[in-house]
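Here is a colleague's note on the structure shown below. Please read it with the sequence and the coordinates at hand.

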Amino acid sequence: MLAKLTSKNQLTLPKSITAAVGAAEYFDVEASDGRIVLTPVRIQRGDAVRAKLAELDLQEQDTADAVAWARQAAAGKPARKK
């Protein structure tokens, strides 16, 4: 199938293609070996994240402890070169 790139750099994907991978509003885009690769991304809503945190019984203090631990670990390592 062909898809035309418009003058505004927009591309319309054929319905049969998007139906084959499932409905998605967002796509991760990358270039690989001269190809454009689109991967559907399903954005989780905040409610889903809060439900998962509740399921895991994570509390605000758990998050604060994890951040403090990560900062200690990072402070003990030399800075990464960019």
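1. Basis of the model. This is a predicted model, in which local features need a pLDDT of at least 70 and side-chain atom pairs count only at pLDDT 80 or more, while totals for chains, interfaces and linings use all residues. Residues are numbered from 1 along each chain as its sequence is written, and side-chain values use heavy atoms, with hydrogens and water left out.

2. Confidence. The protein chain has an average pLDDT (the predictor's confidence in each residue, from 0 to 100) of 87, and 93% of the residues score at least 70. Strand S1 (residues 26-32) has the highest confidence, with a mean of 93, whereas helix H2 has the lowest, at 84; helices (H or I, at least four residues) and strands (E, at least two) are DSSP runs, numbered from the N terminus. Where pLDDT is low, the predicted coordinates should not be read in detail.

3. Salt bridges. The structure holds two salt bridges, a term used for a side-chain nitrogen of Lys or Arg within 4 Å of a carboxyl oxygen of Asp or Glu. One joins the side chains of Asp 47 and Arg 50, at 2.8 Å from N to O, and these residues are three apart in helix H2, so that about one helical turn separates them. The other joins Lys 52 to Glu 55, with 3.4 Å between the closest N and O atoms, and this pair is likewise three residues apart in helix H2.

4. Exposure of the paired residues. Asp 47 is exposed at 56% relative accessibility, and Arg 50 is exposed at 53%, where buried means under 20% relative accessible area, exposed over 50% and partly exposed in between (1.4 Å probe, protein chains only). Glu 55 is exposed at 59%, but Lys 52 is partly exposed at 43%.

5. Nonpolar surface patch. Val 49, Leu 53, Leu 56 and Leu 58 form a nonpolar patch on the surface, with about 320 Å² of accessible area together. Patches are made of residues with over 30% relative accessible area and no salt bridge, like charges being joined within 9 Å and nonpolar side chains (Val, Leu, Ile, Met, Phe, Trp, Tyr) within 5 Å; the areas come from the Shrake-Rupley method with a 1.4 Å probe, and for residues only the protein chains shown count as cover. Leu 58 lies in the loop between helix H2 (46-55) and helix H3 (60-75) and is partly exposed, at 40% relative accessible area.

6. Positive phi values. Most residues other than glycine have a negative phi. Asp 57, in the loop between H2 and H3, has a positive phi of about 60 degrees and is exposed at 54%.

7. Ala 23. This residue sits in the loop between helix H1 (15-21) and S1, and is exposed at 73% relative accessibility. Leaving aside neighbours within four places in sequence, Ala 23 is in contact with Thr 18 and Arg 42, contact meaning heavy atoms within 4.5 Å. Ala 23 and Val 41, 18 residues apart in sequence, have their C-alpha atoms 9.5 Å apart.

8. Asp 65. Asp 65 belongs to helix H3 and is partly exposed, at 41% relative accessibility.
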